[in-house]
Amino acid sequence: MEKNIDGKQIADEIKSEIAVKVKSLLDKGKTAPHLAAVIVGDDGASQTYVQSIERACREVGYVASVYKFPEKTSEQDLSEVLDFLNNDDEIDGYILQLPLPKHISSERIIDKINPQKDVDCLHPSNMGNLLLGHPRFIPATPYGTMLLLERAGIETEGKNCVVVGRSNIVGKPLAMLLSQKSAGGNATVTVCHSHTQNLQSVCSEADILFVAIGKPEMITAEYVKKGAVVVDIGVHRLPDAESEKGYRICGDVKYDDVLPRCSRITPVPGGVGRLTMTALLLNVMKAYEEKVEEM
Ligand code: NDP
């Protein structure tokens, strides 16, 4: 069996399914789902991400709107933008690119997001619903990771899963999903972080090892049990004089080192990253369908 889990192929499959759904909505005279993105400041990574959102929306037939504001935008002005997005019936969901400039309180602003439109699952009530096991939305990266496992036929039930990283957007929600009492969950989950003792030994017990540390190629073969599945969520751009582009993309896992030891692995690029955007598109469809149900 091919060891690589092909994120691109799985993402393309799901995007085709979404596109079919959108076409059927349009054929019935309905509107297409509409995603908005709010971006404050000139952060390069955020700009690139928002461009890829626009591209993904176009691919499946969604409408995309981008609201860009200068770095010096006040919290009050941003809050008014959110009021507008919360109340505009034509917008089904929106994302607020983080981090925000330092003079704006992310916590206060996130509280203002209408939970029904919170397709990035930032709002505390959506995170709470996720914890309680009846999520409205699932944060895009953990959702994409779960989709990847499901479509690649990797069972989590009864497995020893180790998640390295406990951020609110990746590690923590992923650990919650894996331990939930439902299909795709039912795993025994250990969460590791920078205070974990003997990280290597904990990781090497995992049947499925999830890595979201933000440290390029830190996880080597010594961290991996023979035959384990390795899911690399990290993504980094490293300078590389030998590459035409002058850089190369890698994950938190040292791929070439780990490949001979594991049974399956998600490559970077071409693994989990591909599914993140797809998961966001699914959240937008969910927001759209909930809105239609209420009308
Ligand atoms: P954060 O920096 O928010 O979190 C990193 C986590 O790793 C923290 O919990 C931290 O522990 C832990 N950690 C850091 N160093 C160590 C160490 N030496 N040993 C054990 N644990 C450690 O990162 P994110 O969760 O936002 O992102 C993680 C990775 O995933 C990054 O590479 C990022 O680029 C990538 N990413 C990829 C996405 C995709 O679509 N593919 C989307 C989002 C992120 P502590 O809590 O103690 O500080």
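**Entry 1**

I began with the cut-offs: a residue is buried under 20% relative accessible area, exposed over 50%, and partly exposed in between. The model I examined is a predicted one. I looked up E217 and found a relative accessible area of 21%, so this residue counts as partly exposed. E217 sits in the loop between β6 and β7. I noted a phi near 55° for E217, which is a positive value in a residue other than glycine.

In the loop between β6 and β7 I also found A221. Is A221 buried or exposed? I recorded A221 as buried, because its relative accessibility is 14%. I then checked a pair of residues 35 apart along the chain: the C-alpha atoms of A221 and D256 are separated by 9.0 Å.

**Entry 1: The sheet**

I next traced an open sheet of five strands, and I wrote down its order as β5-β4-β6-β7-β10, with parallel pairing. Which strands stand at the edges? They are β5 (188–192) and β10 (264–265); each has a single partner strand, so one side of each is left without a neighbour in the sheet.

I followed the pairings of β6 in turn. Strand β4 (residues 160–164) runs parallel to β6 and is joined to it by four bridges. V164 stands opposite V211 of β6. Four bridges also join β6 to strand β7 (residues 229–232), again in parallel. Here L209 has V230 of β7 as its bridge partner. V230 in turn stands opposite I265 in β10, and I counted two bridges in the parallel pairing of β7 with β10.

I then examined the side chains of β6 (residues 208–211). I208 and F210 point one way, L209 and V211 point the other way, and all are buried.

**Entry 2: The ligand**

I looked up the surroundings of the ligand and found 22 residues; the closest are R166, S167, H193, S194 and T276. How many residues of this shell are nonpolar, polar and charged? I recorded eight nonpolar, 11 polar and three charged.

I also noted individual contacts. A polar side-chain atom of R166 lies 2.7 Å from an oxygen atom of the ligand. I233 brings a backbone N or O atom to 3.3 Å from a ligand nitrogen atom. For V235, a backbone N or O atom lies 3.3 Å from an oxygen atom of the ligand. The ligand taken alone exposes 930 Å², of which the protein buries 70%.

The domain assignment gives domain 1 (29–114) and domain 2 (140–273). I noted 29 Å between the centres of these two domains, taken over C-alpha atoms.

I looked up Y67 in strand β2 (residues 63–69). Y67 counts as partly exposed, because its relative accessibility is 22%. Y67 and A37 are 30 residues apart in sequence, and their C-alpha atoms are 6.1 Å apart in space.

**Entry 3: Backbone details**

I searched for cis peptide bonds. One joins L98 and P99, with omega about 0°; P99 is in the loop between β3 (93–96) and α4 (106–112). A cis peptide bond also joins V268 and P269, with omega about 0°. P269 lies in the loop between β10 and α10 (272–294).

Finally, I turned to C121, in the loop between α4 and α5 (124–132). Phi of C121 is near 55°, a positive value in a residue other than glycine. I recorded C121 as buried, because its relative accessible area is 3%.

Conventions. Residues numbered from 1 in each chain as written. Predicted model: local features only at pLDDT ≥ 70, side-chain atom pairs only at ≥ 80, totals over all residues. Heavy atoms only, no water. Near = heavy atom within 4 Å. Polar contact = N/O pair within 3.5 Å; in protein donor to acceptor, adjacent residues only side chain to side chain. Areas by Shrake-Rupley, 256 points an atom, 1.4 Å probe, with all protein chains shown as cover. Nonpolar A, V, L, I, M, F, W, Y, C, P; charged D, E, K, R; others polar. Domains from an automatic or database assignment. Buried < 20%, exposed > 50% of the residue type's maximum accessible area, 1.4 Å probe, protein only. Pairing = 2+ DSSP bridges.
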